[in-house]
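Hello,

The structure you were going to look at is below. My notes on it follow.

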Amino acid sequence: MKQIATIFMLAILASSALAQERPRARDAGLEVGIFPTGELNAITDVDGVRVGHATVIEGDDVRTGVTAIIPGPGNLYTHPVPAGIHVGNGYGKLIGETQVRELGEIETPILLTCTLCVWSAANALKEWVYEQPGMGQHTINPVVGETNDGRVNNMWADPVQRDEVYAALATASSGPVAEGSVGAGTGTQAFGWKGGIGTSSRVLPDSLGGYTVGVLVQTNFGGVLTMNGVPVGRELGTYSFADDLSADGSIMMVVATDAPLDARSLERLAMRAMMGLARTGSFASNGSGDYVIAFSTHPDVRRPRESDAPVTAPGLVNPQMSPLFAATVEATEEAIYNAIFKATTVTSSRGTLEAIPIDRLLEILSESSRITAP
């Protein structure tokens, strides 16, 4: 056990060192959209949002993990956050979806993990929620999404259990978010290259409300990679339907905002993340599970679970949504690029997912005048 733990830690340290050497998209000169990013250019730029990872590397065939997104402070059961879910293509498993759609609220943290790990992760999340202050014997609705990392991970071993879920939740912070081959992105791909976790944010000018939108993605899908309009995948010769490269796969997209939005407006916001996905070259294949979870952290839209009197909450009128739509599209697109830029090569006995060659990628983008000097 001690030897396994040592190997686990060495693998984490090696992966982290490699990830630090690889730039984020914007650091390499690839600027997306028109709105500025937040300070961290991450979903944690949205006040109250915390993110944590647990990476699981065991033996020669387990390469996976879990990522936890905590959408706000305090007890999420007694004071849930408003939320909306959009299904771009429903070939996947999203535990807790129907209740969120019905009530328009999320009452637990959000977990992302591997396909066959969702039930164990949900059970662990259930236990964690019951341990929080103020909980009684209620039924709860854990929200857990997934993508299939079976190309390099033995997900049939069900490697994400209570310890890993608790570790991801315990390490969740409001600071910088680790990206690439980490947590739920440890064994995932994008466009035939190594993908993983990516995040980005946008801040609207005061004239448009001054709100922040943050996006975190877990990539595992196919298509023809496009960056700022450049057909990168075609130039690299790696894309869906080339040499029978699979087109299937999935993506989980989590959108957070501090704008005062109700569940209906958040569902509309979630739909726009699909446009950001499309800009990167995805076409939502038949076997792809493309899910978006959107929530608001604005304190005045968190209603108590029980109240004897009517509860009112502020909300934006429909025309005020347009800038938020644009910000969501931009942040989703850049989050996907960051997942690809930061991802490191992952190998197991099941196969290898190669990191995209940064030098060649930057050459292609430079030749098309799509990057600026970092």
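This is a predicted model: local features need pLDDT of at least 70, side-chain atom pairs count only at pLDDT 80 or more; totals for chains, interfaces and linings use all residues.

Two strands are taken as paired if DSSP finds at least two bridges between them. The strands concerned are S2 (residues 62-70) and S5 (residues 110-114), which pair in the antiparallel sense over three bridges.

Both belong to an open sheet of four strands, ordered S1-S2-S5-S6, with mixed pairing. Strands S1 (50-58) and S6 (143-147) are at the edges with a single partner strand each, so one side of each has no neighbour in the sheet. From one strand to the next the twist averages 15°. Helix H3 (residues 118-130) lies across S5 and S6 and runs at about 155° to S6.

Next, the helix pair. The axes of H6 (residues 263-279) and H7 come within 7 Å and cross at roughly 40°. An angle under 35 degrees would count as roughly parallel; H6 and H7 are therefore oblique to each other. The crossing of H6 past H7 is right-handed. Residues making the contact include Leu269, Arg272 and Ala273 of H6, and Phe325, Thr328 and Ile336 of H7. By class, the contact of H6 with H7 has ten nonpolar, four polar and five charged residues.

Last, Glu306. This residue sits in the loop between strand S12 (289-296) and helix H7 (321-342). Is Glu306 buried or exposed? Its relative accessible area is 69%, and exposed means over 50%, so Glu306 is exposed. Glu306 and His79 are 227 residues apart in sequence, while their C-alpha atoms are 8.9 Å apart in space.

Regards

Note on methods:
Residues are numbered from 1 along each chain as its sequence is written. Side-chain values use heavy atoms; hydrogens and water are left out. Helices (H or I, at least four residues) and strands (E, at least two) are DSSP runs, numbered from the N terminus. Axes are lines fitted to C-alpha atoms, for helices over the stretch in contact, and angles run from 0 to 180 degrees between N-to-C directions. Contact means heavy atoms within 4.5 Å. Buried means under 20% relative accessible area, exposed over 50%, partly exposed in between (1.4 Å probe, protein chains only). Angles under 35 degrees count as roughly parallel, over 145 as roughly antiparallel, 65 to 115 as roughly perpendicular and the rest as oblique. A crossing is left-handed if the near helix is turned anticlockwise from the far one by less than a right angle, and right-handed if clockwise. Ala, Val, Leu, Ile, Met, Phe, Trp, Tyr, Cys and Pro count as nonpolar, Asp, Glu, Lys and Arg as charged, and the others, Gly among them, as polar.
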